[in-house]
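Here are a few notes to read alongside the model.

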Amino acid sequence: MENQLPNSRPDEVKRKFRKARRVLILANPTATSFRFQSITKIVKCLEDAGMKVELKLTNRASEITETCMDPDLNTDILAVAGGDASVSEAASALLGRGMKPHLAIIPFGTANVLAHELGVPKAPQEVARTIISGRARKLHNGFANGRPFFLSTSTGFDAEVAHVVPLRLKRRYGRVAYLFIAAQLAFSRRKGSFKVRADDEELQCAIALITNGRYYAGKHLVAPDASILETKLHLLAFKEDGVWALFKYACRLLTGSLAKSHNVQCRTIRTARIDTCRAAAVQIDGEPFGGTPLEVSVGDCELTVIAGK
């Protein structure tokens, strides 16, 4: 059959998943690349492997949080079918539950950075195979103004873009919407100026990005030594944010050489506080979240996530 998983005999799969047979899929139908046909393929593959699958389509913003925090939640694996915002929402809500259930990702978003960090594939059968493998890792997080984050937080140009891009354009055009708004904003904004106290060091910069992982805005390398599975954060302090500087940053982002720019200072940190004379936008995991000052610290996470290769 088309959906059978190669190299796995039924008895082997059954032995491997004596304790992890229940899967709850929370699917966000408003996600940029959501395809119901892909979901049904994944469900079929999981059920063929002997797993009990429940599919739930979300229809309001708080439903993922409510489901994850429900004391009666009874599943071994909670798979979120959506973008980074949906996955981060679920991960934040699951932090207080300890090691169960495991979190799995079905990437249907614009950038799917968490999926890239964890090596989760995009093809439905490959996603199902990843969930069936049950390769669990301990996911690390940071805190930004008291809120957990798993990818990055920042203030400056990219945070401003996150604040002003219309949701309807984001859902309809994905990354193109961000590029369009970014190009407009680059010529009309005031330059940023931030004072950053990172651990015991003080820096001055125009954009401050603190990342938990290697990638940003998709599979673009920004912190080669970072890992969302390690208890540390990485600061990138950008000295300039004029139009020409932003263009050069974009080129380096596309080539994976952003951290090598002489205009970008990189540090491994545990805490940071970012201040500015006037209020500036803040983003957390790609979503708008208030403004400065921004206080960031390393988190102490008890969340397990299913990773790919």
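1. No disulfides here: the structure holds zero, taking a disulfide as a pair of cysteine sulfur atoms within 2.5 Å. Cys 266 is in no disulfide, and the nearest cysteine sulfur, that of Cys 205, is 12 Å away. Cys 277 is in none either; there the nearest cysteine sulfur, again that of Cys 205, is 13 Å off.

2. A word on provenance. This is a predicted model, where local features need pLDDT of at least 70 and side-chain atom pairs count only at pLDDT 80 or more, while totals for chains, interfaces and linings use all residues. Residues are numbered from 1 along each chain as its sequence is written, and side-chain values use heavy atoms, with hydrogens and water left out.

3. How accessible are Cys 266 and Cys 277? Cys 266 is partly exposed at 33% relative accessible area, whereas Cys 277 counts as exposed at 87%. (Buried is under 20% relative accessible area, exposed over 50%, partly exposed in between, with a 1.4 Å probe and protein chains only.)

4. Now strand 14, residues 233-238: six of its six residues are buried, so the strand is largely enclosed by the rest of the structure. (Strands are DSSP runs of E, at least two residues, numbered from the N terminus.) Leu 233, Leu 235 and Ala 237 point one way, and His 234, Leu 236 and Phe 238 the other. In a regular strand the side chains alternate between the two faces of the sheet.

5. Strand 14 has antiparallel partners, strand 11 (residues 207-211) through five bridges and strand 15 (residues 264-269) through six; pairing takes at least two DSSP bridges. Leu 209 stands opposite Leu 236, and Leu 235 opposite Arg 267 in strand 15.

Terms used:
Helices (H or I, at least four residues) and strands (E, at least two) are DSSP runs, numbered from the N terminus.
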